[in-house]
Amino acid sequence: MAAATLAVSLLMSGLTFWAVNSIQQDAQLSDTRFGRDLGLLLSSNVAPLIAEDNLTDVARFSSRFYQSTSSIRYLIYADQEGKIFFGIPYSAAEVQNSLTIERRIQLPDTDIEHTNLPLVRQHPSPNGEVTDVFVPLRHNNKYLGILAIGINPNPTVVNSSNLTRDVTIAVFVAIWAMVILGAVFNALTITRPIKELLVGVKNIATGNFKQRINLPLGGELGELIFSFNEMAERLERYEEQNIEELRAEKAKLETLVSTIVDGAILLDTNLQLLLVNPRARRMFGWEGKDVISENVLDLLPSELTRELSVPLRQIAQEEQESEEIDNKSLDLCETDSGVSPAEFCITLTQPTQRIVRILLTQVFDQPKETLKGIAMTVQDITREVELNAAKSQFISNVSHELRTPLFNIKSFIETLSEFGEDLTEKERREFLETANHETDRLTRLVNDVLDLSRLESSKIYHFHGVDLPQLVEQILRSYQLNAKDKGLELGQELEDNLPLVLGHYDLLLQVLTNLVGNALKFTVSGGRIVIRAYRLKYNPAIPCNKPLVRIEISDTGIGIDPEDQEAIFDRFFRVENRVHTLEGTGLGLSIVKNIMEKHNSRIHLISEVGVGTTFWFDLAVYQENCSSQESVKELKDLPPQVTINPSSLLS
């Protein structure tokens, strides 16, 4: 390294001095050319004046030249013998007054009298090399003397050269001083950093990534120390990054688990709680309790503890895989998904009555070799079980309702086919009428099921203004003959000038058809059925500031027991099963309820056994500048205004 430093420093110093000398030579050449050109120009102008001995003009002309540039050091005029008769910045008179000797100029050795070219030479001065230019003075081929001009060296070049030379020498000396001192310093301090590095490597090996070496050293050892510190810093950052990533993943997991609609519980192999989402806390009444690190069997309701104790311990002890869990006490759920051996359906009584599905899943490490815990998923399937039960009941009821008319139709047709010739004309007609009647019953059932399915779908109905008197008139025309046949009075009580109501004409027609049909069916001869419609007083809770119109269908029929009134609107529920044997599908009032929900209203009833029954509902008044949704969206949430007394019908 020392040899390389010496070679490089000598090379750079040599190049520097060579460059300085080249610059100085170029400067001298420039000064020579300038002096020659200036001397020839000046001699050609002053030679005639000197020939005429007009030294005043010579002095004036020379002074202008001298003052016009700082590059001229002096101007000296001498005669043929070299005696100075005028000069700038001094004159012959000043010389003679200040000195007792006579000044003469030292002419070049060359015979300047017989040459026409200027002669050049340099002489040193404190400010650098001065270029002397000697120009012969001739006029009309007569030699008059000599003109000597001194050209100052370029001060910028001189200063730059001197500075460059000094800096080069200083840098050369400084480099070698630093090399020597560095070598001594490294030789004296090499042992300490090696010991520090050894201690640092041992600390890093033990996991102490905060280890640093603070030694102000350079060179390879300094790079080694810097690399060591950088390595330790990166290892520390990696450790912090890994910790942050683990924390972030944990936060993501907790956020994800907290948003799950099902209850989620994570257990370790000791059945202690590691994680519980808010849904599970609400389901088991753990809000506000610190249940983490508690044994789950001590916290679960007694029904779950009894069912899950053995399976949880089997999974935690890794005695067998989850699909081999003992399921002798498994309570199968009535759901579409079925139940796997690791899935339990249990009815809870605490903290609230509900049916839950418990799924147990083993949690393994990444290689799937070691069991790390158990994940419990708790699903509230109460609504699902109820819907499945309702679906099963619906299918059962439909099957039963379809089977009865089909069986009757088949029986009478088979009888006609096999024994038709043995039957009288009256019997054959009765059989055909019965088959036709059962066919109509079957048609009504299918139509009611289709209507109910269509109403319970997401189909959107568009509401318009409906004329209630026209609607009621159509119902009266349809059922007037039926009422007369049964000896019933069918009438209407409509308020004068009723406004249009917002609704769907066909759906409202179906509502009145079902309600009036039921009234005719359950009212004995001599009874009375009335359709009423009147405006209610303004209710500020109604949007768009619209009043309501109430429609009532009242009869003096057999009435409905209070215990049946809650279930009267359920599908396939028939009061006649308890009080009489009249036929019906049991879907009419369910269809009415769904139509009213489509109108965002509710169907109400008030009934008294042996007195009569009144069904009633409210509809919003139609107005063109108010949207249908705004008009009816709050009707079903309004409290009913009961103003009906069935006993008043008797009067």
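This is a predicted model: local features need pLDDT of at least 70, side-chain atom pairs count only at pLDDT 80 or more; totals for chains, interfaces and linings use all residues.
Glu495 sits in the loop between strand 12 (489–494) and strand 13 (501–503), while Arg535 belongs to strand 14, so the pair ties together parts that are 40 residues apart in sequence. Both residues fall in the middle class of accessibility: Glu495 is partly exposed at 31%, and Arg535 is partly exposed at 38%. Salt bridges with shared partners also join Glu493, Arg528, Arg532 and Glu552 into one network. The count for the protein comes to 13 salt bridges. As background, side chains of opposite charge can pair when their charged atoms come close.

A salt bridge also links Asp380 and Arg354, again with 3.3 Å from N to O. Asp380 is in strand 10 (residues 371–380) and Arg354 is in strand 9, so this pair ties together parts that are 26 residues apart in sequence. Asp380 is partly exposed, at 32% relative accessibility, whereas Arg354 is buried at 13% because the limit for a buried residue is under 20%. Arg60 and Asp57 form another salt bridge, and their closest N and O atoms are 2.6 Å apart. These two residues both lie in helix 2, 3 residues apart, which is about one turn of the helix. Arg60 is partly exposed at 46%, and Asp57 is partly exposed at 26%.

An open sheet is formed by 5 strands in the order 2-1-5-4-3, with antiparallel pairing. Strand 2 (84–88) and strand 3 (119–123) are at the edges and have a single partner strand each, so one side of each is left without a neighbour in the sheet. From one strand to the next, the twist averages 20 degrees. In general, strands of a sheet pair through backbone hydrogen bonds, either parallel or antiparallel.

Strand 1 (residues 72–78) runs antiparallel to strand 2 and is joined to it by 4 bridges. Ile76 has Gly87 in strand 2 as its bridge partner. Helix 2 (residues 55–68) lies across strand 1 and strand 2, and runs at about 165 degrees to strand 1.

Strand 15 (residues 548–555) is mostly covered, with 8 of its 8 residues buried. Leu548, Arg550, Glu552 and Ser554 point one way from the strand, Val549, Ile551, Ile553 and Asp555 point the other way, and all are buried.

Ile529 stands opposite Asp555 in strand 15. Strand 15 also pairs with strand 17 (residues 612–620) in the antiparallel sense, over 8 bridges. Here Ile553 stands opposite Phe615 in strand 17.

## Surface and overall figures

Val8, Leu11, Met12 and Leu15 form a nonpolar patch on the surface, with about 390 Å² of accessible area together. Leu15 is in helix 1 (residues 2–51) and is partly exposed at 44% relative accessibility. Gln350 is found in the loop between strand 8 (343–348) and strand 9 (354–364). Gln350 is exposed at 51%, because exposed means over 50%. The C-alpha atoms of Gln350 and Leu300 are separated by 9.8 Å, although the two residues are 50 residues apart along the chain.

The protein has 16 helices and 17 strands. Of its 651 residues, 40% are buried. The protein exposes about 37700 Å², and carbon and sulfur atoms supply 53% of that area.

Note on methods:
Residues are numbered from 1 along each chain as its sequence is written. Side-chain values use heavy atoms; hydrogens and water are left out. Two strands pair if DSSP finds at least two bridges between them. Axes are lines fitted to C-alpha atoms, for helices over the stretch in contact, and angles run from 0 to 180 degrees between N-to-C directions. Contact means heavy atoms within 4.5 Å. Buried means under 20% relative accessible area, exposed over 50%, partly exposed in between (1.4 Å probe, protein chains only). Patches are made of residues with over 30% relative accessible area and no salt bridge: like charges are joined within 9 Å, nonpolar side chains (Val, Leu, Ile, Met, Phe, Trp, Tyr) within 5 Å. Accessible areas come from the Shrake-Rupley method with a 1.4 Å probe; for residues, only the protein chains shown count as cover. A salt bridge is a side-chain nitrogen of Lys or Arg within 4 Å of a carboxyl oxygen of Asp or Glu.
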